[in-house]
Amino acid sequence: MNKAIVIGSGIAGLASALRLRSKGYEVKVFEANAFTGGKIHAFTNQGYRFDFGPSLFTMPHLVDELFELFDRDPKVHFEYIRKDTICNYFWEDGHTFTAPADKQQFIEQAARSFWVEEQTLENYLTRNKEKYDLTARLFLEKSLHKLNTYLSQDTLRSILQIGKLHLGNTLNGVNQSYFNDSKLVQLFNRYATYNGSSPYQTPGIMSLIPHLEMHFGTYFPKKGMHDISQSLYHLAKDEGIEFHLEEPVEKILTNNHRVSGIKTIRGTYEAEIVISNMDIFSTYKTLLPDAKQPKRTLNQERSSSALIFYWGINRQFPELDLHNIFFSNNYSQEFDHIFNKLDLFRDPTVYINITSKDKPDDAPPGCENWFVMINAPGNVGQDWDKKVNEARKNIIQKLNRVLKTRIEDHIVTEDIVDPRTIESKTRSHQGSLYGTSSNSKFAAFLRHPNFSSQYKNLFFCGGSVHPGGGIPLCLLSAKIATDQIPSV
């Protein structure tokens, strides 16, 4: 049987391994950590369960289809619920908005809340759908680095209507052209953070992201986000995929411009196919030191990182839901600090994820598990101990002002992750969450392809390569990579 190796067991690595197995390969997965799932794992602290990383789950059909590859009913192995509410939004002047998942309800309620015409919202969301329909097959489902991609009807259709994509404008510019209310602009600007970018720099095409939430919906796995990766891990084990945990890969082996296997801390393994799910920067610097380094790609600006506090809270807040955002009073200054000054802003936008709202056993009775996150610059040697302490004070003060409480009196457990931790635990260069940023209209084309142009049968998947970061795009990266590999 032909042998294939996957380096890294993040969500894209697991998906790649399953797709290779379905093509008939004997698959081995090598993971440096003692657990699978990459950023999608969990931990507990004094009766509180926390998902370590991603907290937003959309496009669950991309997970379902991995079970369907093996004629398994996804609902038997992986259960999730659709949320009626996208997010609760809070501003310090007392304004709040609960965003319904249903498009028509969103239009009606947002029109009342932000004093905007329903037709204006309808036009905006319709244009977002057009952007998605024009670009999904090109940017999300195919390699941008293969000639045949540009010879398709989909590509021609997109080129003929390129003006609709708002590539020459920023996301903030597009949103301001539709809406006068600064709060509504801020609400739609926040979607730039879905790929770790700034709404004042990322192109207007990113306004298609709200369409994904409203069209495909937002979901919550019944066993927590961790179950996304673990259900796929158990499927992989059942299908005969071999996992080598706590066995870091030291080098990708090549011979005559063709991949031949890997070298780990324990030995050498031969394979006809190798897929790296490691951050592309680390892949080249660590595993391919003799390869020609794609400097233009590796030197691109990295996406934002994060500072996360995992708080066990000894009371409940009925005004909060699964997803909650407390906006900064100066959004443009916040992103200027993150991307230009490489610093934290004194008045950050605070995101709180509370899974105990939908999974009560994630916290003791009468309590809640808070995943409290702010966007942060990558790790370039800042004094993070000092910055974490300052940010904690600023976050607590902001939450106290908005929620009219003393949240510090209710924190009974605490764990902290900063860009240093993310970089060390996930080998993501500078602790970036999404590889490179999308602060350029050319960003999609500058991401590393899903294949190597130097070595035959070497492929790449994950958030640092095409099409980008986040669970759905990572799953699509695995599909794009393995679609180039023939069945055996």
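1. Serine 356 counts as buried, at 9% relative accessibility. This residue of the predicted model is placed in the loop that joins strand 17 (350–353) to strand 18 (368–376). When neighbours within four places in sequence are set aside, the contacts of serine 356 are Asp362, Ala363, Cys367, Glu368 and Asn369.

2. Aspartate 347 belongs to the loop between helix 13 (331–339) and strand 17. With a relative accessible area of 13%, aspartate 347 is buried, since the limit for that class is under 20%. Apart from neighbours within four places in sequence, aspartate 347 touches Glu92, Ser328, Asn329, Asn330, Lys398 and Arg401. Threonine 202 stands 145 residues from aspartate 347 along the chain, and the C-alpha atoms of the two are separated by 22 Å.

3. Glycine 378 is found in the loop between strand 18 and helix 14 (384–403). Its relative accessible area is 10%, and glycine 378 is therefore classed as buried. Although glycine 378 and leucine 342 are 36 residues apart along the chain, their C-alpha atoms are separated by 7.3 Å. Beyond the neighbours within four places in sequence, glycine 378 is in contact with Ser305, Trp384, Pro419 and Gln430.

4. Which residues does glutamate 247 contact, leaving aside its neighbours within four places in sequence? They are Phe30, Glu31, Ala32, Thr264, Ile265, Arg266 and Tyr269. Glutamate 247 sits in the loop between strand 10 (242–244) and strand 11 (249–254), and is buried, with a relative accessible area of 3%. The C-alpha atoms of glutamate 247 and asparagine 33 are 7.6 Å apart in space, while the two residues are 214 apart in sequence.

5. The next point concerns helix packing. Two packed helices are described by the angle between their axes and by the distance between the axes. For helix 2 (residues 61–68) and helix 10 (residues 226–238), the axes come within 11 Å and cross at roughly 10°. The two helices are therefore roughly parallel to each other, because angles under 35 degrees are placed in that class. On the side of helix 2, the contact involves Val63, Leu66 and Phe67, which meet Ile228, Ser231, Leu232 and Leu235 of helix 10. By type, the residues of this contact comprise six nonpolar, one polar and no charged.

6. The structure contains 36 aromatic pairs. One of them joins tyrosine 178 to phenylalanine 179; the pair is tilted, with 6.0 Å centre to centre and 40° between the planes. Are the two partners buried or partly exposed? Tyrosine 178 is partly exposed, with a relative accessible area of 23%, whereas phenylalanine 179 counts as buried at 3% relative accessibility.

7. Phenylalanine 188 and tyrosine 191 form a further aromatic pair, and this one is stacked, at 6.5 Å centre to centre and 25° between the planes. Both phenylalanine 188 and tyrosine 191 are buried. The ring of tyrosine 191 also has arginine 190 over its face, at 4.6 Å from the ring centre. An arrangement of this kind is also present at phenylalanine 317, where arginine 315 lies over the face of the ring at 3.7 Å from the ring centre.

8. Backbone geometry deserves attention at several positions. The peptide bond from histidine 466 to proline 467 is cis, with omega near 5°. Proline 467 lies in the loop between strand 20 (458–460) and helix 17 (471–482).

9. Where does arginine 427 lie? Arginine 427 is part of the loop between helix 15 (419–426) and helix 16 (443–446). Phi of arginine 427 is near 55°, a positive value in a residue other than glycine. At 32% relative accessibility, arginine 427 counts as partly exposed.

10. Asparagine 457 is another residue other than glycine with a positive phi, near 70°. Its place is in the loop between helix 16 and strand 20. Asparagine 457 counts as buried, at 16% relative accessibility.

How values were computed: Residues are numbered from 1 along each chain as its sequence is written. This is a predicted model: local features need pLDDT of at least 70, side-chain atom pairs count only at pLDDT 80 or more; totals for chains, interfaces and linings use all residues. Side-chain values use heavy atoms; hydrogens and water are left out. Rings of Phe, Tyr and Trp (its six-membered ring) pair if their centres lie within 6.5 Å; planes under 30 degrees apart count as stacked, over 60 as edge-to-face and the rest as tilted. Buried means under 20% relative accessible area, exposed over 50%, partly exposed in between (1.4 Å probe, protein chains only). A charge sits over a ring if NZ of Lys or CZ of Arg is within 6 Å of the ring centre and within 35 degrees of the ring normal. Axes are lines fitted to C-alpha atoms, for helices over the stretch in contact, and angles run from 0 to 180 degrees between N-to-C directions. Helices (H or I, at least four residues) and strands (E, at least two) are DSSP runs, numbered from the N terminus. Angles under 35 degrees count as roughly parallel, over 145 as roughly antiparallel, 65 to 115 as roughly perpendicular and the rest as oblique. Contact means heavy atoms within 4.5 Å. Ala, Val, Leu, Ile, Met, Phe, Trp, Tyr, Cys and Pro count as nonpolar, Asp, Glu, Lys and Arg as charged, and the others, Gly among them, as polar.
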